[in-house]
Amino acid sequence: MHNDEHYMRLALDVAKAGVGQTSPNPAVGAVVVNGGTVVGLGGHLKAGEPHAEVYAIRMAGEKARGATVYVTLEPCSHYGKTPPCADLLIQAGVRRVVVATTDPNPLVAGKGIAKLRQAGIDVDVGVLKDEADELNRMFFHYIAAKTPFVTLKFACSLDGKIATATGESKWITSSAAREDVHRLRAQHDAILVGVNTVLTDNPKLTVRFGEKRKNPLRIILDTKLRTPLDAHVVADKEAETWIITGGVSREQAAAYERLGVRVFSMPTAQIDVRDVLRLLGEQGVMSLFVEGGSRVHDSFLRAGAVNEVIAYIAPKLIGGRGAPTPVGGLGFARLAEAVELDIRRIETIGPDIKIVAAPKRK
Ligand code: NDP
Ligand code: ZN
């Protein structure tokens, strides 16, 4: 129905405000409509705080009775940190609930909807489902795979170079594009780079543009602990840092641990990306922003571990046979093995182009 889409879009807009700040929970929005008037709005903005429905019903007060509630995700039916929202909607006496998408969380999956229906409430499911799924794609992936959603990001010239042949890389793209990268950092739980990127660029990997937000966790893949003790990621205390190694001695690790860095030893001498993702999943990392360098990108692609690719392309030609490109390592020897992508969006940011793509599902 036309009206349903209109109100669901409003609920999605509210949910969007929470994207990137609700981990490990999904971002959810709810709208209460009675007699053609919006009488309540609510969003889930932070884990541990009330769910979207609670705020929306509270705002609606007595007007919730007989109302229609639009919610971007199936209302919960279990006791978590807060009592079940399905019960709240029943108690409030709403007449109808419109749900965009069901909750893949096995504790909820379909049970919230069943509970509402048992109480005699009309429930419609699937209004703007694709948009709601897209909004919480990281959460949905994490729930299903138990490993983080991986976004692989790079910035390059129009001829596909991430640095000059002499190694100069600051800056290929505009400050507007870099600002966008900082916004994306803030939307992920963790940022990951290879030790060579730390050695050559000494990046801070913090969120420095826009409103001050919590910095994501910083993760370095560093088999033999070559990360310098005075690197920003170790010394600056701006964010938590974990170093993932191929197995190092306690003494070696201790120097980093004294500075507050956690050092993990992986089960194999060569760090396997799949083991890294399993570890991060167990540690509650729902989303991972992989920012280079080219060898790390190669490893993630080879492991089939990439969910989204974001490329910033500057209208510049750098050239040079030896100039590095976004994906290094061995690459794929045959075209048939290349990672094929579907382009989701193309935008211009300042003078640059941003492409958002996702590997084709096989
Ligand atoms: P990386 O930063 O990708 O680091 C690679 C190193 O990480 C490896 O040599 C290895 O060192 C360690 N490592 C540990 N485990 C793995 C694993 N499973 N897979 C891959 N690497 C692993 O190095 P590159 O040299 O490829 O890239 C660095 C360059 O890229 C820099 O010059 C930087 O400026 C540039 N860059 C450009 C970006 C852009 O978007 N324009 C973004 C980021 C970097 P070890 O064996 O010692 O553990
Ligand atoms: Zn709830």
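A salt bridge here is a side-chain nitrogen of Lys or Arg within 4 Å of a carboxyl oxygen of Asp or Glu. By that rule, Asp122 and Arg95 meet in a salt bridge at 4.0 Å, N to O. Asp122 sits in strand β5 (residues 122-125) and Arg95 in the loop between α3 and β4 (96-101), so the pair ties together parts that are 27 residues apart in sequence; helices (H or I, at least four residues) and strands (E, at least two) are DSSP runs, numbered from the N terminus.

Before we go on, a word on the ground rules. This is a predicted model, in which local features need pLDDT of at least 70 and side-chain atom pairs count only at pLDDT 80 or more, while totals for chains, interfaces and linings use all residues. Residues are numbered from 1 along each chain as its sequence is written, chains are lettered from A and ligands numbered from 1 in the order in which they are written, and side-chain values use heavy atoms, leaving out hydrogens and water.

Back to the charges: the whole structure holds 21 salt bridges. Arg9 pairs with Glu131, their closest N and O atoms being 2.6 Å apart. Since Arg9 lies in helix α1 and Glu131 in helix α5, this contact ties together parts that are 122 residues apart in sequence. Asp298 is buried, with a relative accessible area of 6%, whereas Arg302 is partly exposed at 41% (buried means under 20% relative accessible area, exposed over 50%, partly exposed in between, with a 1.4 Å probe and protein chains only). Glu134, Arg137, Glu308, Arg345 and Glu347 are linked in a network of salt bridges.

Now turn to the zinc ion (ligand 2). Its protein donors are His51 (ND1), Cys76 (SG) and Cys85 (SG), 1.9 to 2.3 Å away. Donors are N, O and S atoms within 2.8 Å of the metal (3.2 Å for Na, K and Ca), and water is not among the atoms, so sites may look incomplete. Along the sequence, the donor residues follow the spacing H-x24-C-x8-C. His51 lies in the loop between β2 (37-44) and α2 (52-60) and Cys85 in helix α3 (residues 85-92), so the pair ties together parts that are 34 residues apart in sequence. Both His51 and Cys85 are buried.
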